[in-house]
Amino acid sequence: MADENENEASSPEEQALADEWAAALTEAGDAGQDDIDAMLAASNSAPTAPRAPMEEFGSAPKMNLPVNLDGPNLDVILDIPVSISMEVGNTEITIRNLLQLNQGSVIELDRLAGEPLDVLVNGTLIAHGEVVVVNDKFGIRLTDVISPSERIKKLR
């Protein structure tokens with residue numbers, strides 16, 4: 001009974017949308033399992049485009065051996081864009097305090113003044129650095145870069 005009252009109270013737009021959905025569902029319901037099987041069989045028997053051979057990547061590097069990035073397979077990923085960011089510091093605050101922030105508010109971070117910033121690529125730490133100004137824009141001078149083997153270990 002409650003459902004009937006709700007349907008009567010709905011707007012004409014909602015009723016039109018419900019009618020469209022009902023029509024689409026009944027139309028989709030006309031196709032039986034035999035029709036679906038026939039369509040799948042037809043798509044499997046259709047000629048497929050020739051596939052390019054997949055490039056084989058080398059086996060994963062051993063944990064105790066240095067990582068070699070000079071392999072030919074690295075060329076495949078060199079043009080993939082990544083997101084690089086610098087983290088000055090972070091902190092945790094309650095939602096109550098977050099809602100009370102306004103212009104001029106100061107948020108205390110977990111880093112000391114003068115401490116190097118973290119350089120992150122897609123959220124993974126790759127280096128530490130200090131802020132510099134280059135042509136009236138901020139930049140970062142890398143002071144400590146994590147070795148490629150350490151970066152790969154962090155990915156696992």
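Guide: A term to begin with: two strands pair if DSSP finds at least two bridges between them. Strand 1 (residues 84–87) and strand 2 pair in the antiparallel sense, over four bridges. Keep in mind that this is a predicted model.

Visitor: Which residue in strand 2 is the bridge partner of Ser85?

Guide: Leu120 is the bridge partner of Ser85.

Visitor: And how many bridges join strand 2 to strand 3?

Guide: Five bridges. Strand 3 covers residues 124–134, and the two strands run antiparallel. Leu117 stands opposite Gly129 of strand 3.

Visitor: What links those two?

Guide: Strand 2 and strand 3 form a hairpin, with two residues between them. Asn122 sits in the turn and has a positive phi of about 50 degrees.

Visitor: Zoom out. What is the strand order in the sheet?

Guide: The order is 1-2-3-4 in an open sheet of four strands, with antiparallel pairing. Strand 1 and strand 4 (137–145) are the edge strands, and each pairs on one side only. On average, neighbouring strands of this sheet are turned by 40 degrees against each other, direction ignored.

Visitor: Which residues are on which side?

Guide: Leu117, Val119 and Val121 are on one side. Asp118 and Leu120 are on the other. Both faces are covered, and these residues are all buried.

Visitor: Why the every-other-residue pattern?

Guide: In a regular strand, side chains alternate between the two faces of the sheet.

Visitor: What else is Asp118 in contact with?

Guide: Leave aside neighbours within four places in sequence. Then Asp118 is in contact with Ser85, Met86, Glu87, Arg111, Leu125, Ala127 and His128.

Visitor: New topic. Where is Ile93?

Guide: Ile93 is in the loop between strand 1 and helix 4 (95–99).

Visitor: Why is Ile93 called partly exposed?

Guide: Its relative accessible area is 42%.

Visitor: What does Ile93 touch?

Guide: Leu98 and Leu101, not counting residues up to four places away in sequence. As for Glu108, Ile93 is 15 residues from it in sequence and 9.9 Å away in space, C-alpha to C-alpha.

Visitor: Last bit: the whole chain. How many helices and strands?

Guide: Five helices and four strands. From the N terminus on, the elements run α-α-α-β-α-β-β-β-α.

Visitor: How much of the protein chain counts as buried?

Guide: 8% of its 156 residues. The protein chain exposes about 13800 Å², and carbon and sulfur atoms supply 57% of that area.

Terms used:
Residues numbered from 1 in each chain as written. Predicted model: local features only at pLDDT ≥ 70, side-chain atom pairs only at ≥ 80, totals over all residues. Heavy atoms only, no water. Buried < 20%, exposed > 50% of the residue type's maximum accessible area, 1.4 Å probe, protein only. Contact = heavy atoms within 4.5 Å. Areas by Shrake-Rupley, 256 points an atom, 1.4 Å probe, with all protein chains shown as cover. Axes fitted to C-alpha atoms, helices over the stretch in contact; angles between N-to-C directions.
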